[in-house]
Number of protein chains: 2
Amino acid sequence: MSFAEEATTDVPTLPETHSGIPVYLLDKARNAKAGVFDGRTKPIRDRQRLPVVPQGIERDDFLAALEDLKAKMGHEFVEINDKALKDGWYMEHPNTHDMMTILDEEELVASAVVYPSTTEEVQQIVLWANKHRIPIFPISMGRNLGYGGAAPRVRGSVTLDLGKRMNKILDINPEDYTCLVEPGVSFYALHEVLKEKGYDHMWVDTPDLGGGSILGNTLDRGVGYTPYGDHWACHSGLEVVLPTGEIIRTGMGALPGNNTWQAFPYGFGPYSDGLFSQSNFGIVTKMGMTLMPNPGGYESFMYTFQKEEDLGPLMEIIRPLRIGMILENVAQVRHVAQGIAAQGLPRSKFYQGSGSIPDEVLHTAAAESPAGDHTWAYYGMSYGPSHIRAYKLAIVDAEFLKIPGAKKVDPSTLPADDYYFSRDRIAAGIPDIHELRWVNWTPNGAHIAFSPVSPIRSADAMKLFGLGKKLHQQYGIDFFPAFIVGLREMHLIVEIVFDRDDTERKQAAMDCLRDMIDQAAALGYGEYRTHLVLMDQVASTYSWGDGALMKFNERLKDALDPNGILAPGKSGIWPKRYRGRGWEMTRESGLVSEGKGADGL
Amino acid sequence: MSFAEEATTDVPTLPETHSGIPVYLLDKARNAKAGVFDGRTKPIRDRQRLPVVPQGIERDDFLAALEDLKAKMGHEFVEINDKALKDGWYMEHPNTHDMMTILDEEELVASAVVYPSTTEEVQQIVLWANKHRIPIFPISMGRNLGYGGAAPRVRGSVTLDLGKRMNKILDINPEDYTCLVEPGVSFYALHEVLKEKGYDHMWVDTPDLGGGSILGNTLDRGVGYTPYGDHWACHSGLEVVLPTGEIIRTGMGALPGNNTWQAFPYGFGPYSDGLFSQSNFGIVTKMGMTLMPNPGGYESFMYTFQKEEDLGPLMEIIRPLRIGMILENVAQVRHVAQGIAAQGLPRSKFYQGSGSIPDEVLHTAAAESPAGDHTWAYYGMSYGPSHIRAYKLAIVDAEFLKIPGAKKVDPSTLPADDYYFSRDRIAAGIPDIHELRWVNWTPNGAHIAFSPVSPIRSADAMKLFGLGKKLHQQYGIDFFPAFIVGLREMHLIVEIVFDRDDTERKQAAMDCLRDMIDQAAALGYGEYRTHLVLMDQVASTYSWGDGALMKFNERLKDALDPNGILAPGKSGIWPKRYRGRGWEMTRESGLVSEGKGADGL
């Protein structure tokens, strides 16, 4: 075996963490100093009507049902959402809200949070929900930032915070390169344990932000930046509590006494794992995950490209290199605006005007940045011993430099906290959170994503880029696009950064998102994942055959969840009792204006 | 791009084919000469009761329903199974029987075969089946050899032979390395078209036998021998006719006007493709498949290992090399008995006794073979330009030669029709059928497989090998084991070769299989795939949580197929109307003795 060559980049020490989330995010003083994800003073609002109660349930019945739940689970493990929102609530408050809400923050909220500690307790909660017909919404750790965070789709749902007490790494198998985790295990936590145990031969693939749940990210079909970046494809085996309370194990987990649950995903008969991703068909309480073998060395690289229109030829170069695995990890082509925002400085430092920030301003800022002026930056990683890397890197270099003005960036010219090194860590399986810095772009910064899928082709890239730019300009929003190339497809990821306290700008962001979704769908591009409030609209674009896929999903929903208690509305799938009036589920408080989406938002 | 290096092994010309099956298999004279898969004279038996009629349906009603079907589909596209079985029937007869049946060949048979030409015609047939409550059984090409061939699970089902008329390659995308195929496209057919079009940059991964359907093999979760060997993981997008007649498209196919159906498998919301693999929840009429990029060179290698017990340390060597992709394709460790049988010579040439063929006889035969005496042979392939291969092959060589007596075989010492070259072609994406030669081991040879999944570990390999050997000896059956290492798991594949006309030996094979399944399950090993007649038993071993997974599958079955018309009993899943009496479905004729399996066989 020759997995021994030392890494070409030093492994940085991990940030200090507290229950899996970096102290970095929890420590306001330090945040303020770093200028990152700043806390804010939140006025204590009129919350007398709390807790909110789900539609169709009498307040007294609901409160009685909660007493019933407390008796089953222990009083200390059921928390009613009736507290004031304090300064920094989104870090220390229970998982009741979307910390980056695009709506009024009191809109998509839980009525209560319950903290099960075992699969059997999850089962008890599900049976309780069926008895009282109360909608429940499971979360792993509540850090689905940009897609709804901890919030439930239906206002007043009882949130199952699985991760708080179910946070064990149940198994690590250093021979098979696998692990079995509960919902509360973050990428950071697993990485730390691998290091503690001296398991240097195994890497955990990590997404842009490492503080979230491995299980939650995988079920939402999130991606990371090593060759194990397709998390869904890398999982093996689930334990699931069905909406009617039965517990199943999928794959080899259904065979008593097996020793292959994490080694072979499929088992025998229908392979049902996919049903539990991006869905409301079951609550996943355990998940097997495969770990990447240490490739025996790695080496980051970064190229810059000058012009907007370089995107087209670049995509034509990337496609065969990526499919042929010369580019071995998810290829990232990021717009210069993202790189500038990732410095963590406020927009006001660069521009004070309203409307989309002008290209000239971005180029001026870029010219002063260590990488110099450019429009697109490619961040990549090559793996293996040095002579193997050299072979691949030479091909990449020859191809990329065919684009006039393309430059390879020398990492030694970059400061230690440059965004480059964050990308470098992540592509080496080292969890990071630098990416979040761009929420500092506006005061009270938050973000929400538009993520359409397209082929890796010049025409598609230019069409999507043009569409996004046009609509951002129309709504006066700064445009932060990045193209993330999976293997045979790419996702354009557009992150809109907004001020949580600026109602007008939030409305503009929503309008822009709604338009982008509709206009992209008309061109044949659909989202791979979306925020809670956009799920109905996105699901409605997958309408082939008179909405045949949604009718199929609804048939499954009715069969598996006849009382419609589990995460109603997730991915646009409503159970019978809510069907056709999903929009009401976020409107009780009258805080949301009627809009044009399929759900009326 | 540097995918240009010439292959190190010449690409052989393809065998001539006729409607996707090699003439080799159809041409009896040539077969007899080659000594392969020989035809036989089949006495015309008493078939007066034909066609068989499914249980619970009156004969006259059934015949009237068939007339209704003929009126819809055209008389020439509905064929009643009432013909005599002629010499060589399994090659030229409609797809009504299992050509390798382990039961009496009149047991699992279709009442009729219908040949739809479009998805809409499949939909019409499904609606017809619901109207008349007639069980239907879809096949792609009927070449699921060793697992039931073309036969339906329920005697008297109407077979939908999808492949006969739905055999188009609907799309090949040379930029995305993808294709879209109908059920009748074989590995041979796709390979031929890629060659015709000059698409040398794309390979089709092929299983041991290339004459079968790509779609059918993939839905049964079959595997091949290139890095794209996990066919299920490599597919992207399905079109499915549901048991109630609705048509859905999965993944991006649900988005009208999309151009990513074959490039991105997941789409938005629950990922339901897995539901349609190894199942009876829908009829797949189109499937997207990704194609492997030409790796720029390839090079086969073969090692032999002397002793039975070398298997243990070999597995410990293989595991990290395979997970680390130094061994880049499915690793195969084949017992010498398989190599000897793959020569295509009859057993009688080596041994005339009854009982399992003695080890000494095998070793004597092996000593005279070109590779010399050994117990295990490893067949592998390295991919990429020569210097990249050299890096990986040097590691493999150093590791394998740590086992005393291990030898690398020089291919130039092997005759041109050696089994080695068949393995070489297959691992280079060139369809082949040499593997079938071992059915010539007995007169009227057929085969049936036992395929348990285990970790890639010494202890597991030795336990499974010991279990198989003990039971083969107990039942006096020759033991042909091969270990096929996926990535983190391996399948032991034991092929029992039997004489279709020898009732006693068929019973011994069944008894041996039944015992192996039960005893392996008791040790924690479960089958990944099985023959029709063993499905109930294998499904019953996946019994965790009081059979929770099967109860879940039954709930889905009842929701999706309320009339229970689609492939009842497939993978052990029975619809409500048959549940609990599945065993009756193969017993009407009284040809099958009652046994001990879950289905009474």
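## Lining of the second largest cavity

In this predicted model, the second largest cavity is lined by B:Glu308, B:His335, B:Ser356, B:Ile357, B:Asp359, B:Leu362, B:Phe465, B:Lys469, B:His472, B:Gln473 and B:Phe479, where a lining residue has an atom within 4 Å of a point, and a cavity is a set of points on a 1 Å grid over the protein atoms alone where a 1.4 Å probe fits but cannot get out.

By class, the lining has four nonpolar, four polar and three charged residues, with Ala, Val, Leu, Ile, Met, Phe, Trp, Tyr, Cys and Pro counted as nonpolar, Asp, Glu, Lys and Arg as charged, and the others, Gly among them, as polar. The volume of this cavity is about 110 Å³, taken as the space filled by probe spheres set on the points, which are joined across faces, edges and corners. Over the whole structure, the search finds twelve cavities of 30 Å³ or more.

## Contact between chains A and B

Chain B and chain A each bring 96 residues to the contact, defined by heavy atoms within 4.5 Å. Between them the chains bury about 8,000 Å², 64% of it on carbon and sulfur atoms, the buried area being the accessible area (1.4 Å probe) lost on putting the two parts together, summed over both. Of the area that chain B buries against chain A, B:Phe268, B:Arg488 and B:Trp544 supply 12%, more than any other three residues.

Six salt bridges are counted between the chains, each a side-chain nitrogen of Lys or Arg within 4 Å of a carboxyl oxygen of Asp or Glu; one of them joins A:Glu246 and B:Arg555 at 3.0 Å, N to O. On the side of chain B that touches chain A, helix α17 (residues 544–560) contributes the largest share, nine residues, and by class this side has 50 nonpolar, 30 polar and 16 charged residues.

## Basis of the values

Residues are numbered from 1 along each chain as its sequence is written, while chains are lettered from A and ligands numbered from 1 in the order in which they are written. Local features need pLDDT of at least 70 and side-chain atom pairs count only at pLDDT 80 or more, whereas totals for chains, interfaces and linings use all residues, and side-chain values use heavy atoms, with hydrogens and water left out.

Key: Helix = DSSP H or I, 4+ residues; strand = E, 2+ residues; numbered from the N terminus. 1 Å grid on protein atoms, 1.4 Å probe; cavity = no way out; pocket = protein on both sides within 12 Å on 5 of 7 lines; lining within 4 Å.
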